[in-house]
Amino acid sequence: MLELLRYQAERLKLQTAAVSIPDIVQGIIQKLKGRSPDHSFLWDFPTDLPPVEADPLRIERILYNLLENATKYSPENSEINVFSRVENGFVITGVTDHGKGLTRDDQGRLFELFGQLGDRQHMAGSLGLGLVACKRLVEAHSGRIWVESESGKGSTFYFTLPIYTS
């Protein structure tokens with residue numbers, strides 16, 4: 001919530017550095033394994049994946065939210081995949097779950113304030129701000145975030161961040 005307020009007031013200050021997506025992902029997965037022991041986490045990062053230019057704390061928040069959502073909305077004993085690739089000066093990172101997937105209408109509302117979807121069991125204690133915060137943080141880094149999903153087949157959330165150049 002605080003990040004959203006900062007963003008809306010144009011007071012979000014990023015402390016950018018060279019950030020390793022694989023290092024952040026591995027740390028988050030270690031945290032989530034304790035909460036979600038029935039899920040398998042698989043990652044696929046090229047050995048020569050360049051660092052991104054980003055605020056490490058904010059990128060950790062984005063990835064944590066996407067990975068936590070994947071565990072929340074995926075059936076037990078399913079896989080959650082995280083991967084990155086380089087394209088046109090950006091690192092594209094994706095998080096794939098094997099949950100119910102999303103309809104086109106749901107996809108359109110997903111990044112809106114209080115845009116909660118799905119069953120109430122998974123939303124307990126949530127304000128529906130996580131994906132909105134992710135969107136604002138990605139955009140503050142000159143990136144883009146989107147989802148590709150098919151009802152009944154799961155979802156992949158993607159975001160881009162610029163490659164670190166200095």
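**Questions on a predicted protein chain**

Trainee: What percentage of the 166 residues in the protein chain is buried?

Mentor: This is a predicted model, in which local features need pLDDT of at least 70 and side-chain atom pairs count only at pLDDT 80 or more, while totals for chains, interfaces and linings use all residues. Residues are numbered from 1 along each chain as its sequence is written, and side-chain values use heavy atoms, with hydrogens and water left out. Buried means under 20% relative accessible area, exposed over 50%, and partly exposed in between (1.4 Å probe, protein chains only). By that rule, the buried share of the 166 residues is 46%.

Trainee: How many helices and strands does the protein chain have?

Mentor: Helices (H or I, at least four residues) and strands (E, at least two) are DSSP runs, numbered from the N terminus. Along the sequence they follow the pattern α-β-α-β-β-α-β-β-α-α-α-β-β. The count is six helices and seven strands.

Trainee: Which residue caps the N-terminal end of helix 3?

Mentor: Helix 3 covers residues 56–73 and reaches 26 Å from its first C-alpha to its last, close to the 26 Å expected at 1.5 Å a residue; the expected span is 1.5 Å times one less than the number of residues. Its buried residues include Ile59, Ile62 and Leu63. At the N-terminal end, a side-chain oxygen lies 3.1 Å from the backbone nitrogen of Leu57, and the capping residue is Asp55.

Trainee: With which side chain does the side chain of Thr156 make a polar contact?

Mentor: Thr156 lies in strand 7 (residues 155–162) and is buried, with a relative accessible area of 11%. Not counting residues up to four places away in sequence, Thr156 touches residues including Phe83, Gly94 and Trp146, where contact means heavy atoms within 4.5 Å. A polar contact is a pair of N or O atoms within 3.5 Å; within protein, one must be able to donate a hydrogen and the other to accept it, and residues adjacent in sequence count only if both atoms are side-chain atoms. At 2.8 Å, the partner of Thr156 is the side chain of Thr96.
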